[in-house]
Amino acid sequence: MARTLEFYFDYGSPYSYLADTQVEAIARRAGAALVRKPMLLGGVFKATGNASPMTVPQKSRWSAFDMPMWARHYGVPFNRNPHFPVNTLALMRGAAAAEIDGFFERYHPAVYRAMWVDGVNLNNMGEVAKVLTAAGLDAAAIGRRIQDQDVKDRLKATTDEAVARGVFGAPTCFVDDRMFFGNDRLPFVEMALKGELV
């Protein structure tokens, strides 16, 4: 029976972006289904007592070398966003709305590219609107939609689900009930999907 790769992410996580560039190919090679699960990383941090690695100077300096190295390894574009950190609540509600309403395939890559390739200030909702419009989306409608209770509830439910399953950061993958944290665990994710991980 085909397995499912569940991918918990937040647009504010650069390692989630890097992993996101790989998960579709991994699922395809393994004959698995891919389910992306937008969560609010700030909510996960609050619930688990964790914090962004960028708040620790030593980790931040290390990441400045590590993230471009992974991007080169994957052959994907990457630039640190000069406006980081970004409050991703609206962006993640947008992802929840996009999943509910069926425009995720346009929304998702546009937001990730704006954040981690083009360096757009996504704290500025006017800049977010420009990104969405350029992707062929109705930015004003999305801005209204993210205020709807079902969208808020969807994001909160996925975030609560992540915490209940043991998630403490992003990206986090699940294969069955086996959890894999971090971009660097993707080789093991693929092995698990193929039934090769003991």
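Helix α5 has 13 residues and reaches 18 Å from its first C-alpha to its last, close to the 18 Å expected at 1.5 Å a residue. The expected span is 1.5 Å times one less than the number of residues. Helices (H or I, at least four residues) and strands (E, at least two) are DSSP runs, numbered from the N terminus. This is a predicted model: local features need pLDDT of at least 70, side-chain atom pairs count only at pLDDT 80 or more, and totals for chains, interfaces and linings use all residues. Residues are numbered from 1 along each chain as its sequence is written, and side-chain values use heavy atoms, with hydrogens and water left out.

Start with the buried face of α5. Its buried residues are Phe104, Tyr107, His108, Ala110, Val111, Tyr112, Ala114, Met115 and Trp116. Buried means under 20% relative accessible area, exposed over 50%, and partly exposed in between (1.4 Å probe, protein chains only). These α5 residues pack against β1, α1, β2, α4 and α6.

Now turn to α4, residues 89-101. At 1.5 Å a residue, its 13 residues should span 18 Å, and its end C-alpha atoms are 18 Å apart, which agrees. The buried residues of α4 are Leu91, Met92, Arg93, Gly94, Ala95, Ala96, Ala97 and Ala98. Their cover includes β1 (4-9) and β2 (33-38), together with α5 (104-116), α6 (125-134), α7 (139-145) and α8 (149-164). After α4 comes Gly102, with a positive phi near 85°.

How do the two helices meet? Two packed helices are described by the angle between their axes and the distance between the axes. For α4 and α5, the angle is about 160° and the axes are 8 Å apart. That makes α4 roughly antiparallel to α5. Axes are lines fitted to C-alpha atoms, for helices over the stretch in contact, and angles run from 0 to 180 degrees between N-to-C directions. Angles under 35 degrees count as roughly parallel, over 145 as roughly antiparallel, 65 to 115 as roughly perpendicular and the rest as oblique. The crossing of α4 and α5 is left-handed: the near helix is turned anticlockwise from the far one by less than a right angle. From α4, the contact uses Ala90, Leu91, Gly94, Ala95, Ala98 and Glu99; from α5, Phe104, Tyr107, Val111 and Met115. Contact means heavy atoms within 4.5 Å.

Helix α8 meets α4 at another angle. These two pack at about 105°, with axes 9 Å apart. That makes α4 roughly perpendicular to α8. Here Leu89, Met92, Arg93, Ala96, Ala97, Glu99 and Ile100 of α4 meet Asp150, Val151, Lys152, Arg154 and Leu155 of α8.

Next, the core. The largest nonpolar core has 54 residues, and Tyr11, Leu18, Leu91, Tyr107 and Leu122 touch the most other members. Apart from it lies another core, of 9 residues, among them Tyr8, Val44, Ala162 and Val167. A nonpolar core is a set of buried Ala, Val, Leu, Ile, Met, Phe, Trp, Tyr and Cys residues joined through side-chain atoms within 4.5 Å. Leaving aside neighbours within four places in sequence, Tyr107 is in contact with Tyr11, Ala90, Leu91, Gly94, Ala95, Ala98, Leu132 and Leu137.

Ser13 lies in the loop between β1 and α1. Ser13 is buried, with a relative accessible area of 5%. Not counting residues up to four places away in sequence, Ser13 touches Leu41, Tyr112, Trp116, Ala170 and Pro171. Pro14 is in helix α1 and is buried at 6%. Beyond its neighbours within four places, Pro14 is in contact with Met54, Met67, Phe78 and Trp116.

At 16% relative accessibility, Tyr15 counts as buried. Outside four places in sequence, Tyr15 touches Trp62, Ser63, Asp66, Met67, Trp70, Pro171 and Asn183. Asn183 is 168 residues away along the chain, with its C-alpha 5.8 Å from that of Tyr15.

Finish with the backbone. The peptide bond from Ala170 to Pro171 is cis, with omega near 0°. Pro171 sits in the loop between α8 and β3 (172-175). Another cis bond joins Phe84 and Pro85, with omega about 5°. Pro85 is in the loop between α3 (57-74) and α4. Asp176 has a positive phi of about 55° although it is not a glycine. Asp176 lies in the loop between β3 and β4 (178-181), and at 44% relative accessibility counts as partly exposed.
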